[in-house]
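Biologist: Can you walk me through this model? I'd like to start with the strands and then get to the ligand.

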Amino acid sequence: MTLDRENPLRDPQDRRLPRIAGPCVLVIFGVTGDLSTKKLMPAVYDLANRGLLPPGFALVGFARREWEQQDFAQIVHSAVRQHARTPFREEVWKQLSEGIRFVPGELGDDESFARLKATIADLDEARGTGGNHAFYLSIPPGLFPTVVDQLRENGLAEQHEGRWSRVVIEKPFGHDLRSARELNRVVSQVFPSSSVFRIDHYLGKETVQNLLALRFANQLFEPVWNNNYVDHVQITMAEDIGIGGRAGYYDGIGAARDVIQNHLLQLLALTAMEEPTSFDARQLRAEKQKVLAATQPPQRMDLHTARGRYTGGWAGGEKVKGYLDEKGIPDDTKTETYAAIRVDIDNRRWAGVPFYLRTGKRLARRVTEIALGFKRAPHLPFTKTDTEELGYNALVLRIQPDEGVTLRFGAKVPGTQMEIREVNMDFAYGGSFTESSPEAYERLILDVLLGDPPLFPQHEEVELAWQILDPILDYWASQDERPEDYLSGTWGPESANEMLARDGFVWRRP
Ligand SMILES: NC(=O)c1ccc[n+]([C@@H]2O[C@H](COP(=O)([O-])OP(=O)(O)OC[C@H]3O[C@@H](n4cnc5c(N)ncnc54)[C@H](OP(=O)(O)O)[C@@H]3O)[C@@H](O)[C@H]2O)c1
């Protein structure tokens, strides 16, 4: 153990201590957008409120509105009042608002960037931000290369001794493998890989990190975490909402690109990877890459993929529109709002265990979970009727909502008769800890400012994920059919149920 020289009793690796960002400027491109309003600006305030931002912190917003300084401060104020998770405190707001600036401009416009550069230089001087700059690209993905180029042209991407410049890229990282490689090429010409932070906000979620704790801090689970005991895995991210007003973003992208390529394949990697030698970014990413490289696209596209599109119906007691009736969706669209795939992992631990990944909009419930289904006991010393109600054992990691872990197993029904039925044993985060989990974006923004990379996927992982998805997208594009209809408020298209039934399984109805 190496000790901190200033405080010899403190272990610098002690991650229980609050980690406070050093002086810096955070620039949010696309600050007027949905993500920034609902997540990024509130997360910055929550970090300040938790005392995790230093006095030498400044926030710069960039977008096309002709706002004055005070208009922008008002916008941040109302985003914070509406969406922050921690209570509003006037003194925290006052301190934060003194370091807030707005730069109006076009992303492709040189003059706007010259103004941005001057604003950042002023803040470095006035707020003592130390010449450290993070650039958050919360903008339409087609504009990522434009901004990266502008940062280079204006000398804002230069790396100097003793200060840093980092870029934060929102999903989607490309549209397919080819475009992801091209984006990586453009970014890597300007920023070294250690300065590129790709956001997959699922990795910022507490329960996703708990997956690592559950697997590797206990002796109980890892011995059964393999094909000797597990017979299939289901990873679900279900939404009960539709596309909202985001037709322009969603149509042409669809469920597989929007969710499977990033969130679900990242969850698969964390579920299936080997134990890293430590949780340092290099080791963790190496294990994720290994398992993604061993993950095979579906062998039979016709049997191991399903896609669907919601039709009008009822959701949460409300009458809702079908996808084709949403504003801005063309009649001839082939975009799917539901996707399910089966992949197999070619390694000793997982050979023969199908991994089923599904996601969709307007499904029966909003839920994200990873469920490991275990094989039946090899012998049941009971009569057939005793165990009629007994399903398979399952370990379910509930990512959201109701974060926690459920173990499902068979237990005897009380009484003089012998009857075995399934029961659940539950661990709920809320019941065991008094601390509330930070929002994923809080954790990730803080990690960017600290330069702490384990929770950010590297370009190799992004490309491996596209290698799994591309053949599926090609297959769907080659089919003349439209995605199968499913009724809003249900669990998706019939073909997805058939896909599992052929393998002898059923989807969970969480
Ligand atoms: N919304 C989400 O929940 C969510 C979730 C995950 C990832 N993302 C990703 O986050 C990014 C932002 O998404 P969003 O939903 O916030 O998008 P959005 O609501 O459409 O906002 C886009 C932002 O970009 C700005 N912008 C667009 N073109 C510009 C230009 N030429 N020059 C200057 N500014 C320009 C817009 O500002 P003005 O129009 O005011 O100029 C606006 O602030 C996207 O990459 C998206 O894929 C979003």
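This is a predicted model: local features need pLDDT of at least 70, side-chain atom pairs count only at pLDDT 80 or more; totals for chains, interfaces and linings use all residues.

Biologist: OK. How many residues of strand β13 are buried?

Modeller: 6 of its 6 residues, which are 355-360. Strands here are DSSP runs (E, at least two residues) and helices are runs of H or I with at least four, numbered from the N terminus.

Biologist: And which residues sit on each side of β13?

Modeller: Phe355, Leu357 and Thr359 are on one side, with Tyr356, Arg358 and Gly360 on the other, and all are buried. In a regular strand, side chains alternate between the two faces of the sheet.

Biologist: Which strands does β13 pair with?

Modeller: Strand β7 (residues 230-238) pairs with β13 in the parallel sense over 6 bridges. Strand β12 (residues 338-345) runs antiparallel to β13, also joined by 6 bridges. Two strands count as paired if DSSP finds at least two bridges between them.

Biologist: What stands opposite Gly360?

Modeller: From β7, Ala238 stands opposite Gly360. Tyr338 also has Gly360 as its bridge partner.

Biologist: Is Glu239 buried or exposed?

Modeller: Buried, because its relative accessible area is 17%. Glu239 is in the loop between β7 and α8 (247-250). Among its contacts beyond four places in sequence are Gly360, Lys361 and Arg362.

Biologist: Which residues does the UniProt "binding site" annotation cover?

Modeller: The unreviewed UniProt entry puts it on His201, Lys205, Glu239, Asp258 and Lys361. UniProt positions are in the numbering used here, feature names are shortened, and annotations may be inferred rather than shown by experiment.

Biologist: Switching to the ligand, which residues are closest?

Modeller: 23 residues surround the ligand, and the closest are Thr32, Leu35, Arg64, Arg65 and Ile139. A residue is near a molecule if one of its heavy atoms lies within 4 Å of it.

Biologist: What does Thr32 do there?

Modeller: A side-chain N or O atom of Thr32 is 2.5 Å from an oxygen atom of the ligand. For Ile139, a backbone N or O atom lies 2.8 Å from a ligand oxygen atom. The protein buries 82% of the 880 Å² that the ligand exposes when taken alone. Those areas come from the Shrake-Rupley method with a 1.4 Å probe; for residues, only the protein chains shown count as cover.

Biologist: Where is Arg64, and is it buried or exposed?

Modeller: Arg64 is in the loop between β2 (57-63) and α2 (69-83). Arg64 counts as exposed because its relative accessibility is 64%.

Conventions:
Residues are numbered from 1 along each chain as its sequence is written. Side-chain values use heavy atoms; hydrogens and water are left out. Buried means under 20% relative accessible area, exposed over 50%, partly exposed in between (1.4 Å probe, protein chains only). A polar contact is a pair of N or O atoms within 3.5 Å; within protein, one must be able to donate a hydrogen and the other to accept it, and residues adjacent in sequence count only if both atoms are side-chain atoms. Contact means heavy atoms within 4.5 Å.
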